[in-house]
Amino acid sequence: SVYMLFIMGKIVTFGEIMLRLKSPAKERLFQSGMLESVFGGSEANVAVSLAIFGKESEYVTALPDNDIGRAVISSLSYYGVNVNSVNKEGRLGIYFLEDGACQRPSKVIYDRSQSCLAVTLSNEYDWKNIMTDATWFHLSGVTPAVSQIAADCAFDAIKTAKQMGATVSLDLNYRKKLWKYGKSASEVMTELAKMADVIIANEEDIQSCLGISLRNFNTTTESYCDLCQQVKKHYPNVKIVAVTLRHSYSADKNGWSTVMLGTEKFYESTRYEIENIVERVGAGDSFAAGLIYGLTEFNDEQKSLEFATAASCLKHSICGDFNLSTKDEVIALMNGNSTGRIQR
């Protein structure tokens with residue numbers, strides 16, 4: 001496998017981390033006047049998970065030069081992430097989260113316009129230096145949705161990563177509420193996808209970002225295999241397409257599985273039935289981190305997919321944006337230890 005070359009060296013991610021303010025338990029926002037605060041953001045979530053798995057993980061971002069920015073750095077450093085931030089006057093983006101229950105969906109409200117990341121110009125990051133020794137670069141579709149400036153940064157980051165020989169993964173991560181600065185998701189994401197080696201998405205992301213629809217065949221397997229083949233046909237540089245499949249019975253109970261068109265074959269993962277979900281925010285990011293880990297550690301695409309799927313299944317049991325599951329816990333679930341019995 002092409003990826004075994006990349007065991008050594010750092011994995012770089014770039015994007016915006018936000019202050020997340022969530023109503024306690026399953027309360028509505030401001031129902032009791034209490035909000036729980038943590039930090040989170042797509043690429044930061046990936047960086048934390050990779051660091052916990054034991055990878056050399058570097059997160060590039062822009063932060064306010066104040067106590068809040070410093071709290072972000074110490075929060076990420078705690079998990080072993082090397083934070084490479086442009087520190088400046090300004091604000092940290094915020095998002096409010098109301099956790100759904102039963103038939104009531106979760107709700108996210110963004111308050112992130114003019115954040116440090118949204119206004120930091122590409123030449124304020126030393127991309128060449130950042131990508132030196134990087135064997136992998138990861139970006140999500142959230143970053144280029146934040147502002148035109150952030151989109152320019154995303155392009156420069158990916159171009160530099162490619163020039164320096166890093167593998168590039170792109171999680172399409174479509175966020176309808178964010179694309180507000182005059183460009184559509186498809187205008188921007190189709191150009192970024194041309195430079196990716198690995199694309200991670202769900203069916204809606206592929207439709208909204210790349211304009212490629214799921215066609216109906218006799219079986220779900222055939223339909224998703226065709227979807228992945230269409231992506232590869234339109235983007236000949238892409239070597240791997242991985243798709244998450246969430247079956248939502250309610251906010252508390254989901255079926256979770258994934259598929260992947262690898263370098264040569266199409267793979268399907270184990271399907272997990274997840275009940276009494278603690279939190280589903282960050283599940284896609286934990287899948288991306290698990291896949292990057294698998295592709296750089298195992299010379300086996302099916303095993304990489306199973307690792308990523310088990311990692312993202314476990315994320316549903318953890319509150320906060322970050323997947324705090326360890327490599328050993330993920331491998332135990334992969335190997336069929338799914339009863340949740342006390343480990344004594």
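Student: Hi! What lies over the face of Tyr-249?
Tutor: Hello! In this predicted model, that is Lys-253, at 5.1 Å from the centre of the Tyr-249 ring.

Student: And which residue lies over the face of Phe-298?
Tutor: That one is Lys-303, with 4.3 Å to the ring centre.

Student: OK, on to ring pairs. How many aromatic pairs does the structure hold?
Tutor: There are 13 aromatic pairs in the structure. One of them is Phe-30 with Phe-96: the ring centres are 6.3 Å apart and the planes meet at 50°, so this pair is tilted.

Student: Where do Phe-30 and Phe-96 lie?
Tutor: Phe-30 is in the loop between β2 (18-22) and β3 (36-40), while Phe-96 is in strand β6 (residues 94-98). Their pairing therefore ties together parts that are 66 residues apart in sequence.

Student: Is Phe-30 buried or exposed?
Tutor: Phe-30 counts as exposed, because its relative accessibility is 51% and the cut-off for exposed is over 50%.

Student: And Phe-96, buried or exposed?
Tutor: Phe-96 is buried, with a relative accessible area of 16%.

Student: Back to Tyr-293 and Phe-298, then. What kind of aromatic pair do they form?
Tutor: An edge-to-face one: Tyr-293 and Phe-298 are 6.0 Å apart centre to centre, with 80° between the planes.

Student: Where do those two stand, buried or exposed?
Tutor: Tyr-293 counts as buried at 4% relative accessibility, and Phe-298 counts as buried at 13%.

Methods: Residues numbered from 1 in each chain as written. Predicted model: local features only at pLDDT ≥ 70, side-chain atom pairs only at ≥ 80, totals over all residues. Heavy atoms only, no water. Phe/Tyr/Trp six-rings, centres within 6.5 Å; stacked < 30°, edge-to-face > 60°. Helix = DSSP H or I, 4+ residues; strand = E, 2+ residues; numbered from the N terminus. Buried < 20%, exposed > 50% of the residue type's maximum accessible area, 1.4 Å probe, protein only. Lys NZ or Arg CZ within 6 Å of the ring centre and 35° of its normal.
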